[in-house]
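Here are a few friendly notes to read alongside the model. Have the sequence and the structure open as you go through the points.

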Amino acid sequence: MTDSVAQVTFSVPRMLVDFTGGQRRFTVDAQTVAGALSAAERAYPMLRVHLFNESGNVREHVQIFVNATDSRELPSFEVPVQDGDEIIVLQAISGGLPPHSWGGGRAAAGGADLN
Amino acid sequence: MGVMLLVGTAKGMFILESDDRRGKWSSRGPYHKGWMVYGLFADQRHNDPAIYAGVSSFVYGPHVQRSTDGGETWTAIENGPKFTKESGRKLEHIWSFAAGPEPKRLYCGVSQAALFESRDDGLNWSLVESLENHPTRSQWVPGAGGLCLHTLIPDAKNPERMYLGISAVGCFRTDDGGKSWAPKNKGVQPVEADQEVKYQGEVMRCLHKMVQDPGHPERLYQQNHLGVFRSMDAGDNWERCENGLPSQFGFPIAMHPRDHKTLYLIPQESDEARMFPDGKLTVYRSLDAGDSWHTIGPLDAGNYAGVLRDGLAVDSLDPAGIYFGTSSGQLFGSADEGKTWQQLPGQYPRILNVKAVVT
């Protein structure tokens, strides 16, 4: 792991720009992916609410890419970052009514819940 | 004086405004564009009324938004309702808000069903452990709409008493300011797969919406999954009151602000179909505290939508205004207690919530 601090560009989807001062892109200084995420959360605390679930894991339908790599494929968030790296938050493409939404009490992603 | 309608939809929130004649309406929004807006509440206890919105997304989860300028600008609440990692629970939607007994106290109900409270005008929220640890908790099973705590009714006279309603679970009442909660579902049919009553427990009642008669606070009314019920003794006992209705099934129920025998319902055909009976959008009114129900309408034929549990609202002007939004995004209003109706301007996403605020 390197000790040098890198400048990383963060990119968020339009749904989240109300929580990032209206910015789709901003930069943070960090040594690792975890550090970059923490720096982004310190600057914009609502990102913690909307990117991570109660268990502290990335929400099921949120994708966080580090450059071209899905963060779920990283060995950990402790991997170092370099100047110019990008962390890109995307909304996973998903939809329809999964079977468990019927009677299972969980509304469907992209679908209409029954209430 | 005028009326502001807060309209929560599946893809944002809209605000409609009119003067006290309520004939011409202007619309603004969407606010929280792309987000579902379930819970809506205007806290008019302060000089600067605050509007609270429960905003959620299947992708990004829920949070509370607060506005102190009539909905023009909003602030996301950072320390909003949340479950701990250890709870194993998931926060899905913010369904309901209510004012507490002190000026800065607020409550909100969420799915998965839980109650949160704030003692600082909604800036910080904490879980109400007494309900979370309720002895019946293991019997709470979600229905098709999820396990949602959708109804909060602070008692109109007793500050220590409050009612809450949870879908597929039922009614609870506290008489000690929230320290303890008692299920209040006696007389309400439990939900069972084959509709034969075998369950002898105190919950598993699919309460869809409940209202209190503010002039006679011991009187409660509920539209349930399995019928319409009323209680004359603060929820201790319930009885059916469905005479004249085309169906037992529906979601919303509302009370007239002054006439304590007048209630409004908008039934649906059945829990299988979930649409207006025979395609006729019809409001039903009772003028005798639920003894009988009569149509005011139909307002629209060939309409196969529905009205969801928070989609019906009544204002406090005289005569009272009645408003509702449909699951297909139409808004209707009456400024004369149901004698005449108009469709309000705009075609909206699926309407989840309508609140009428006298300004």
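1. Which side chain meets Arg22(B) in a salt bridge? The partner is Asp315(B), with 3.0 Å from N to O. A salt bridge here is a side-chain nitrogen of Lys or Arg within 4 Å of a carboxyl oxygen of Asp or Glu. The pair links distant parts of the chain, 293 residues apart: Arg22(B) lies in the loop between strand E2 (12-19) and strand E3 (26-31), and Asp315(B) in the loop between strand E24 (312-314) and strand E25 (322-325). Arg22(B) counts as buried because its relative accessibility is 6%, and Asp315(B) does so at 2%. For these words, buried means under 20% relative accessible area, exposed over 50%, and partly exposed in between, using a 1.4 Å probe and protein chains only.

2. Before going on, a word on the ground rules. This is a predicted model, where local features need pLDDT of at least 70 and side-chain atom pairs count only at pLDDT 80 or more, while totals for chains, interfaces and linings use all residues. Residues are numbered from 1 along each chain as its sequence is written, chains are lettered from A and ligands numbered from 1 in the order in which they are written, and side-chain values use heavy atoms, with hydrogens and water left out. Helices (H or I, at least four residues) and strands (E, at least two) are DSSP runs, numbered from the N terminus.

3. Back to the charged pairs: over all chains, the structure holds 21 salt bridges. Another of them joins Asp175(B) and Arg173(B) at 2.8 Å, N to O. Here Asp175(B) is partly exposed, with a relative accessible area of 37%, whereas Arg173(B) is buried at 9%. Both belong to a network of salt bridges that also links Arg161(B), Lys184(B) and Asp236(B).

4. Have a look at Lys355(B) too, which forms a salt bridge with Asp310(B), the closest N and O atoms being 3.9 Å apart. This pair also links distant parts of the chain, 45 residues apart, with Lys355(B) in strand E28 (residues 351-358) and Asp310(B) in the loop between strand E23 (294-300) and E24. Lys355(B) is partly exposed, with a relative accessible area of 27%, and Asp310(B) is buried at 5%.

5. Strand E28 also takes part in a sheet. In chain B, an open sheet of 4 strands runs in the order E3-E2-E1-E28, with antiparallel pairing. Its edge strands are E3 and E28, each pairing on one side only, and the twist averages 15 degrees from one strand to the next. That angle uses axes that are lines fitted to C-alpha atoms, for helices over the stretch in contact, and runs from 0 to 180 degrees between N-to-C directions. Two strands pair if DSSP finds at least two bridges between them. Strand E1 (residues 2-9) and E2(B) have 8 bridges in the antiparallel sense, and Val7(B) stands opposite Phe14(B) in E2(B).

6. What order do the strands take in the other open sheet of 4 strands? The order is E4-E5-E6-E7 in chain B, again with antiparallel pairing. Strand E4 (36-43) and strand E7 (75-76) are the edge strands. Strand E6 (residues 61-67) is joined to E7(B) by 2 bridges, and Arg66(B) stands opposite Thr75(B).

7. Strand E8 (residues 93-99) of chain B is mostly covered, with 7 of its 7 residues buried. E8(B) runs antiparallel to strand E9 (residues 106-111), joined by 6 bridges. The two form a hairpin with 6 residues between them, and Ile94(B) stands opposite Val110(B) in E9(B).

8. Finally, return to the region around Asp315(B). Pro319(B) is found in the loop between E24 and E25 and is partly exposed, with a relative accessible area of 33%. Leaving out residues up to four places away in sequence, Pro319(B) touches Arg22(B), Arg258(B), Ala335(B), Asp336(B) and Glu337(B), where contact means heavy atoms within 4.5 Å. In E25(B), Ile322(B) and Phe324(B) point one way and Tyr323(B) and Gly325(B) the other, and all are buried. In a regular strand the side chains alternate between the two faces of the sheet. E25(B) and E26(B) form a hairpin with 5 residues between them, and Gly329(B) in the turn has a positive phi of about 90 degrees.
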